Amino acid sequence: MRVAVVEDEKEQREQLQTYITQYAQEAGMSIEVELFPSGRELLEGYSSKYDVILLDIEMPEIDGMETARQIRTQDEEVVLMFVTNLAQYAINGYGVGALDFVLKPVNYYTFSVRFARAIARARQRENGQILLNLPDCVRKINTQQIYYVEVQNRMLHYHTELGEFVLRGTMQSAEQELERYHFVRCNHWYLVNLSHVTEVRRDMVLVEGAQLEISRRNRTAFLTALTEYVGGSG
């Protein structure tokens, strides 16, 4: 995860950096933080590499709201979160697609709850690419295009919007590669992309029209992961 903190007051910047570091340690995550003393410095040569941006609203030169507007002309996906003294200003942030805001003075508990929501939203938007070593070629595929992965007789079947691809491999290796993109096992044979789940019926999950069994062993973990995934999009 890459996070930018835009805050003109040095003490506030460092406090937010400390909070993010503490959150990362508690969550067992790796988070890279970059600090900016102004919106202008963030916007200079801006690239869409950040997952979350924390923005102070009241800043000289370019305030946080205008910074957010300019960010949105280049980056529609990054998660924006405002840090401000005045709630009425933060509410205007929804017009630039801001997810949330935190009121100053910022305490760690409140920050961690709001920041966790921002991280969950950013993770939902994560979209990677993997290589499939097919018998006749190597194919690059977007993880969002994969509905689910099935294992049969030591062969992996990737069910995707482009069709079905079959290659030799183990479910364990596929799970390790796809876990960060919200793929979770519903049973021993199926690894499901949570973004393509349309319905859960007792011991079955519907994934783009396919009915896959949820095993008793995997049921709790699967439903918990699905609930957390859906909750992160709220």
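In the predicted model, threonine 73 is part of helix H3, which spans residues 64-74. Threonine 73 counts as exposed because its relative accessibility is 64%, above the 50% cut-off for that class. A polar atom of the threonine 73 side chain lies 2.6 Å from the backbone oxygen of glutamine 70.

Nonpolar residues were examined next. In soluble globular proteins, nonpolar side chains tend to be buried together. The largest nonpolar core in the model comprises 24 residues, and the most contacts inside it are made by Ile20, Ile31, Val52, Leu54, Phe111 and Phe115. Two or more residues of this core come from each of strand S1 (2-6), helix H1 (10-27), strand S3 (52-56), strand S4 (79-84), strand S5 (98-103) and helix H5 (108-124). Helix H5 gives the most, with six residues. When neighbours within four places in sequence are set aside, isoleucine 31 is in contact with Met1, Val3, Ile20, Tyr23, Ala24 and Phe115.

A hairpin is formed by strands S13 and S14, with two residues between the strands. Strand S13 covers residues 197-201 and strand S14 residues 204-207; their pairing is antiparallel and extends over four bridges. Valine 205, in S14, is the bridge partner of valine 200. Within the hairpin, arginine 202 adopts a positive phi near 45°.

Conventions:
Residues numbered from 1 in each chain as written. Predicted model: local features only at pLDDT ≥ 70, side-chain atom pairs only at ≥ 80, totals over all residues. Heavy atoms only, no water. Buried < 20%, exposed > 50% of the residue type's maximum accessible area, 1.4 Å probe, protein only. Polar contact = N/O pair within 3.5 Å; in protein donor to acceptor, adjacent residues only side chain to side chain. Core = buried A, V, L, I, M, F, W, Y, C linked by side-chain atoms within 4.5 Å. Contact = heavy atoms within 4.5 Å. Pairing = 2+ DSSP bridges.
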